Every structure is written in structure tokens, then in C-alpha cells.
Amino acid sequence: VTAAAGRAATVSAPAAADVARAAAWQQGALAFDGRPLGEVLAEIERRYAVALAPAAGTPLDARVSVFYTARPALPTLLGDLGAAAGVRFVPGADGY
């Protein structure tokens with residue numbers, strides 16, 4: 001439903017859901033669709049048991065999308081995520 005002040009509401013059909021992609025995590029896949037970078041980093045920390053310390057100015061509200069059919073190696077994931085968000089992940093003594 002879309003509504004605007006002073007106008008009649010319009011109703012449209014719901015968008016189709018990609019069920020396989022939505023349930024991909026159950027098969028070991030990794031999928032984020034238009035999620036804030038900060039949220040994605042927190043989930044990566046949880047899943048990979050790694051510390052990620054974003055530098056000042058990192059756009060944590062930037063929306064990113066990544067999809068892997070199988071769990072990627074952490075360096076691969078961070079490289080792809082960095083390319084999507086326009087940031088770089090540098091290995092450190094305690095994480096990235």
C-alpha cells in the first residue's frame with residue numbers, strides 16, 4: 001500500500017521472495033541483502049569469531065549486499081565486502 005497526503009492510496013501486489021536465498025543460511029550459505037555495513041560486520045564477527053575494528057569514518061550505514069552459496073574464507077569475504085562498500089580491511093594482531 002502506498003499513500004500520500006491528499007491522495008487515494010494505491011495497492012500493489014507483493015514482491016516475489018527468493019525463498020532459496022532467504023533460507024540459504026540453513027545450508028551454510030552467507031547472504032546479506034541491502035543491510036547496513038555495521039550490521040553485516042557484527043554478524044561476520046559472530047560467525048567467524050574474529051574482531052573487526054572499523055576505522056573512524058567507515059560508512060557503517062552504507063547498504064551492502066553479498067551472497068555466497070557456501071561459507072567463504074574470511075579474506076575472500078572481507079575483500080568482496082570491502083569492494084562493495086568502498087572500504088579496505090587490513091589484518092592486525094587481533095583481527096582486522
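Me: What percentage of the 96 residues in the protein chain do buried residues make up?
Reply: The model is a predicted one. A residue is counted as buried when its relative accessible area is under 20%. By that criterion, the share of buried residues among the 96 residues of the protein chain is 25%.

Me: Which pattern does the protein chain follow when read along the sequence?
Reply: The protein chain contains three helices and two strands. Taken in sequence order, these elements give the pattern α-β-α-β-α.

Me: Where on helix α2 do its buried residues lie?
Reply: Helix α2 spans residues 37-48, and its buried residues are Leu37, Val40, Leu41, Glu43, Ile44 and Tyr48. Viewed down the axis of α2, these residues fall within an arc of 165°, so they line one face of the helix.

Me: Which elements are included in what covers the buried residues of α2?
Reply: Among the buried residues of α2 are Leu41 and Ile44. The cover over the buried residues of α2 includes β1 (30-36), β2 (63-68) and α3.

Me: Is Gly95 buried or exposed?
Reply: Gly95 is located in the segment after α3 (74-85). Its relative accessibility is 15%, and the cut-off for burial is under 20%. Gly95 therefore counts as buried.

Me: Which residues is Gly95 in contact with, leaving aside its neighbours within four places in sequence?
Reply: Ala49, which follows just after α2 and has a positive phi of about 50°, is 46 residues from Gly95 in sequence and 9.4 Å from it in space, C-alpha to C-alpha. With neighbours within four places in sequence left aside, the contacts of Gly95 are Val50, Ala51 and Val90.

Note on methods
Residues numbered from 1 in each chain as written. Predicted model: local features only at pLDDT ≥ 70, side-chain atom pairs only at ≥ 80, totals over all residues. Heavy atoms only, no water. Helix = DSSP H or I, 4+ residues; strand = E, 2+ residues; numbered from the N terminus. Buried < 20%, exposed > 50% of the residue type's maximum accessible area, 1.4 Å probe, protein only. Contact = heavy atoms within 4.5 Å. Expected span 1.5 Å × (residues − 1). Arc of directions from axis to C-beta.
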